Amino acid sequence: MTLLGHDRYCDEIVAQTDRLRAVLMGADLTGADLAVADLSVTVPSCPDWTLGQLVRHLGAAHRWVEKIVRTGAREEIPDEGVPEFEGPDDSDPAALAAWLTEGAGMTAATLRAAGPGAEVWSWGWERNAGFWARRMTHETVIHRADAALAAGVAYEVDPAVAADTIDEFLQCMTFALAAGDPEAAELRGAGRSIHLHATDVPDAEWLIEFGDDGFTWRRGHEKATVALRGPLTEVLRVFYRRLPADSELVEVLGDAKLLDFWLERASFG
């Protein structure tokens, strides 16, 4: 399992947010000048949100976590207890982008100062600042994918970050299963398995095995009922339902219905 380390997670919260901010302000991965993003456009992968609402959701999550860690909270903090939680509206994209960037910087600084072992409330399997540093890294990674999709610009993720995003997703799903989540509880059926295979990154492979009591997962290259193959960024996007499994960017070998079964039920948060 890949763990990037607390300082790297803190760095990535800022770096991933900076790249999302670039999308909002009209720059692609090459630095080319584009039009400022239309904040009213619907986000295809989150169709209940506009791009502006997506940005405010992420910025609010950053600031919520920052207060949890800064105050050493032992229980969940309500939204109304977080300063500047809602952020500016869509009338000024630059103001919204600045609010997003400021919140990410605050969150990373607070997490770094606290250290990974600082005990705080979380909804997950670890109740410390380290959990939140990792969670906010991958929350930002995935919502940057949403923003890039809405704006129609390219999206790439560093291989180590992308692999850890998949690891963390599988850990979250394992936790959801143990916690009795009804959709996670449907992920069962002995004798079936899913193999994820990144074709451009060595050792970036996963095996998910279903049993009568649920599923287990591990890193590794093994035959499975169905395999999802392709560049790591695209495998990540399919796994997080940010890219259709029938996209030409990936290849599905074997029982595609089993992959669909997983994708329809695997979610958390």
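## Helix α2

Helix α2 covers residues 51-71, and its 21 residues should span 30 Å at 1.5 Å a residue; the end C-alpha atoms lie 31 Å apart, which agrees. The structure is a predicted model, and this length check is made on its coordinates.

Most of α2 is covered, with 16 of its 21 residues buried. The residue that follows α2 is G72, which has a positive phi, near 60°.

## Helix α7

Helix α7 (residues 232-239) is largely enclosed by the rest of the structure, because eight of its eight residues are buried. These residues are L232, T233, E234, V235, L236, R237, V238 and F239; among them are the charged residues E234 and R237.

The packing partners of the buried α7 residues include the helices α4 (129-151), α5 (159-178) and α8 (256-265). Strands β3 (193-198), β4 (205-211) and β6 (226-230) also pack against these residues. After α7 comes R241, with a positive phi near 60°.

## Nonpolar cores

In soluble globular proteins, nonpolar side chains tend to be buried together. Here the largest nonpolar core contains 70 residues. The residues with the most contacts inside this core are W64, W132, I166, I194, W206, L232 and W262.

L232 belongs to helix α7 and is buried there. Leaving aside neighbours within four places in sequence, L232 is in contact with P159, A162, A163, I166, A198, D200, V201, A204 and W206.

Key:
Residues are numbered from 1 along each chain as its sequence is written. This is a predicted model: local features need pLDDT of at least 70, side-chain atom pairs count only at pLDDT 80 or more; totals for chains, interfaces and linings use all residues. Side-chain values use heavy atoms; hydrogens and water are left out. Helices (H or I, at least four residues) and strands (E, at least two) are DSSP runs, numbered from the N terminus. The expected span of a helix is 1.5 Å times one less than its number of residues. Buried means under 20% relative accessible area, exposed over 50%, partly exposed in between (1.4 Å probe, protein chains only). Contact means heavy atoms within 4.5 Å. A nonpolar core is a set of buried Ala, Val, Leu, Ile, Met, Phe, Trp, Tyr and Cys residues joined through side-chain atoms within 4.5 Å.
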